[in-house]
Amino acid sequence: MRAVHKRYLREFIPAMLIYMLLVYLSVRWLRSVDGTVARAAVTLLPVLPIAFIIRAMVRAIRGQDELERRTDLESISIGGAIGGFGFFSYGMLINAGVLQAPPAQSVAIWVLPVLMFGYGAVKCCMTFYYRVR
Amino acid sequence: MNNRVRELRTALGWSQADLGEKLDVSRQTVNAVETGKYDPSLPLAFKIAKLFDLSIESIFTPGE
């Protein structure tokens, strides 16, 4: 593993663990919190470590070599397009009455995992493409 | 684009990882360049040429 990726893991893993812990605490804390402002503050508490996650990502992208950056760009573009158009098509199917509409919060919560999964899956394919001839 | 990177590297007894370390790129990138899957940028091509002490055009040639 190259130094840039070791540094990424060193920065990403603690920030992600803190994020997960804050999500857990935030969800538990919300049960006993009243008032819109207080509930918003508690709900958005996990956003703080996201800044460090994004910082780790930016530093990793800047430290990567040119092919790694290209692979990431292609993966984000293709994965994002698949996720975006997938959601759009899903919305059109709901609009047409073909599918039942889920709760709005479910859709909002699933956007990030779908985009991340799309990026990850496409990155595996792109890495394989550049590795195998 | 065709290139002689693999030939030059093996002549010096270097592994792809060795060359990657000298060029500050990953082993996968060295492999992709050698197999023609990826054409390096001009700065990387210059780096490769400088490392092997050759001109760029003696390492990289236009493909058909």
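Two residues are in contact here if their C-beta atoms, placed from the backbone, lie within 7 Å. Helices (H or I, at least four residues) and strands (E, at least two) are DSSP runs, numbered from the N terminus.

What you see above is a predicted model, in which local features need pLDDT of at least 70, side-chain atom pairs count only at pLDDT 80 or more, and totals for chains, interfaces and linings use all residues. Residues are numbered from 1 along each chain as its sequence is written, while chains are lettered from A and ligands numbered from 1 in the order in which they are written.

**Chain A overall**

Let's begin with chain A, which has 5 helices and 0 strands. Its overall dimensions are collected here.

| Property of chain A | Value |
|---|---|
| Radius of gyration, over C-alpha atoms | 18 Å |
| Span of the C-alpha trace along its principal axes | about 55 × 40 × 15 Å |

A compact globule of 133 residues would have a radius of gyration near 14 Å, by the rule of 2.2 Å times the number of residues to the power 0.38. Of the 133 residues in chain A, 9% are buried. A residue is buried if 20 or more other C-beta atoms lie within 10 Å of its own, exposed if 12 or fewer, and partly exposed in between.

**Helix α5 and its cover**

Helix α5 of chain A runs over residues 104–131 and reaches 41 Å from its first C-alpha to its last. That is close to the expected 40 Å, which is 1.5 Å times one less than the number of residues. At Trp110(A) the helix α5(A) bends by about 30°, with Pro113(A) following within four residues; the bend is the angle between axes fitted to the seven residues ending there and the seven starting there.

The buried residues of α5(A) are Gly118(A), Val122(A) and Tyr130(A). Their cover includes α4 (66–95) of chain A together with α3 of chain B. Ile76(A) lies in that helix α4, and its C-alpha atom is 8.1 Å from that of Gly118(A). Ile76(A) counts as partly exposed because it has 16 C-beta neighbours inside 10 Å.

**A core with residues from both chains**

The largest nonpolar core has 11 residues in all, among them Leu67(A), Tyr130(A) and Tyr38(B). Such a core is a set of buried Ala, Val, Leu, Ile, Met, Phe, Trp, Tyr and Cys residues joined through C-beta atoms within 7 Å. Helices α1 (5–11) and α3 (27–34) of chain B each give two or more residues to this core, and α3(B) has the largest share, 3 residues. Leaving aside neighbours within four places in sequence, Tyr38(B) is in contact with Leu67(A), Tyr130(A), Ala32(B) and Val33(B).
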